[in-house]
Amino acid sequence: MDEPKEKLEEIARTYGVGALKRHVFLCLGPDCCTPEVGQAAWEKLKRELKERGLSMSTGPNACYRTKVNCLRICTGGPIMVVYPEGTWYSGMTAERIPLFVQQHLEEGRPVEEWIFTRNPLANVDPRESDEQEGLL
């Protein structure tokens, strides 16, 4: 189970961890939406990011994506959250994904009518955070 740190660092670099600008989490249900609706949104998100070059590990709009089974808002889904700005979206069906990708991820303008709350992450140097937690 214990992977050598060097191997983990290499894998992280391969996926652009450290160079990414945003991280999108999309709930696939089953509580906020049906698994079929969640999966369709996920497939559309993956395709849109790839086609627009946003899933690359470099560039001004480099973006990582993660599918989850619960973001604890168990209604109005698929639920999505975008970090570091902490923008929470509801109803993120496959049909809404292209406009979201274009407007929020490419142009930097969140789609206000789909947002139900915000919780931005603090602007903290990760080394400071690690030092405070005794990780360095």
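Threonine 87 sits in strand 4, which covers residues 87–89. The model shown here is predicted. Is threonine 87 buried or exposed? Its relative accessible area is 1%. Buried means under 20%, so threonine 87 counts as buried. Now look at what surrounds it. Leaving aside neighbours within four places in sequence, threonine 87 is in contact with Met80, Val81, Val82, His104, Pro110, Ile115, Thr117 and Arg118.

Next, find tyrosine 15. This residue is in the loop between helix 1 (5–14) and strand 1 (22–27). Tyrosine 15 is partly exposed, at 48% relative accessible area. Together with Leu8, Ile11 and Val17, Tyr15 makes a nonpolar surface patch of about 380 Å².

Turn to the aromatic rings. How many aromatic pairs does a search of the whole structure find? There are 4. One of them joins tyrosine 15 and tyrosine 64. Their ring centres are 6.5 Å apart. Their planes meet at 70°, so the pair is edge-to-face. Tyrosine 64 belongs to strand 2 (residues 63–68), while tyrosine 15 is in the loop between helix 1 and strand 1, so the pair ties together parts 49 residues apart in sequence. Tyrosine 64 is partly exposed, with a relative accessible area of 28%.

Phenylalanine 25 and tyrosine 83 form another aromatic pair. This one is edge-to-face, with 6.2 Å from centre to centre and 75° between the planes. Which parts does the pair tie together? Phenylalanine 25 lies in strand 1 and tyrosine 83 in strand 3 (residues 80–83), so the pair links parts that are 58 residues apart in sequence.

Definitions and conventions:
Residues numbered from 1 in each chain as written. Predicted model: local features only at pLDDT ≥ 70, side-chain atom pairs only at ≥ 80, totals over all residues. Heavy atoms only, no water. Patch = residues over 30% accessible without salt bridge, like charges linked within 9 Å, V, L, I, M, F, W, Y side chains within 5 Å. Areas by Shrake-Rupley, 256 points an atom, 1.4 Å probe, with all protein chains shown as cover. Salt bridge = Lys/Arg side-chain N within 4 Å of Asp/Glu carboxyl O. Helix = DSSP H or I, 4+ residues; strand = E, 2+ residues; numbered from the N terminus. Buried < 20%, exposed > 50% of the residue type's maximum accessible area, 1.4 Å probe, protein only. Contact = heavy atoms within 4.5 Å. Phe/Tyr/Trp six-rings, centres within 6.5 Å; stacked < 30°, edge-to-face > 60°.
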